[in-house]
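Q: Could we go through this model together? I would like to start with the metal site.

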Amino acid sequence: MPEFATVPVSPLRISFDPATASVEPAGPVLTRRMSSLEGLFADQGEWKRAVEEDDPVVYTVSSSPVPEIDRELPQSITTIRPGACGGEFYMTKGHQHPNPQGEIYLGLTGVGGLLLFDGQRTEWIDMEPGVIGYIPPHWAHRSVNVGDEPYSFLAVYPGCAGHDYQWVLDHGMGARVLRAPSGYELVPYNSR
Ligand code: M6P
Ligand code: ZN
């Protein structure tokens, strides 16, 4: 018998309902409101105004029951609402994996993008249903909704990867994604 860190998870069939942004069977559900994105949008005045007005939901993360532990392969579906704060599109906090591991995203609904930053280089992958974005180890990653409907994607990542949010606060993400006449534009992170 192989040795497991904890009791192994049974095989699972998991379904996703885009209307409720939920998975079945369900694991933890995380709701990130504007107040939980402190220090991330360039326009701090607009961010504060939005928090004080109605603190809108920016995104939800619905995880399957597969736990974030060594050897397991957890999955989650993130749904980012459409919207912008000071012209900057709604986005996830973004993180690095403290235990560097690759990750894949699969676009499910809407249109968005995957912003990647390794501390020097910035990359952008346009995401839509059916597109797989690959995140190599050591690249911080953030998702952005650049459309006018919810953007959702499936993420699959090693359970040992972890989430480091401070890295993004300390280093930025290389670029910001702003509303533009053509849809969206990427501008250097510290340009506004
Ligand atoms: C994806 C995965 C998750 C992550 C989520 C939200 O679903 O990468 O691990 O938690 O996006 O992103 P963040 O943690 O940066 O808020
Ligand atoms: Zn990740």
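Q: What is the sequence spacing of the donor residues of the zinc ion (ligand 2)?
A: The spacing is H-x1-H-x5-E-x37-H. Donors are N, O and S atoms within 2.8 Å of the metal (3.2 Å for Na, K and Ca), and water is not among the atoms, so sites may look incomplete. This is a predicted model, in which local features need pLDDT of at least 70, side-chain atom pairs count only at pLDDT 80 or more, and totals for chains, interfaces and linings use all residues. Residues are numbered from 1 along each chain as its sequence is written, chains are lettered from A and ligands numbered from 1 in the order in which they are written, and side-chain values use heavy atoms, with hydrogens and water left out.

Q: Which atoms are the protein donors of the zinc ion (ligand 2)?
A: They are His95 (NE2), His97 (NE2), Glu103 (OE) and His141 (NE2), at 2.0 to 2.1 Å from the zinc ion. His95 and His141 link distant parts of the chain, being 46 residues apart.

Q: Is His95 buried or exposed?
A: His95 counts as buried because its relative accessibility is 9%. Buried means under 20% relative accessible area, with a 1.4 Å probe and protein chains only. His141 is also buried, at 1%.

Q: Moving on, which strands do bridges join to β13?
A: Strand β5 (residues 75–80) is joined to β13 by six bridges, and strand β8 (residues 103–109) by five; both pairings are antiparallel. Strands are DSSP runs (E, at least two residues), numbered from the N terminus, and two strands pair if DSSP finds at least two bridges between them.

Q: Which residue in β13 is opposite Thr78?
A: Thr78 stands opposite Phe153, while Tyr105 has Ala155 as its bridge partner.

Methods
Helix = DSSP H or I, 4+ residues; strand = E, 2+ residues; numbered from the N terminus. Buried < 20%, exposed > 50% of the residue type's maximum accessible area, 1.4 Å probe, protein only.
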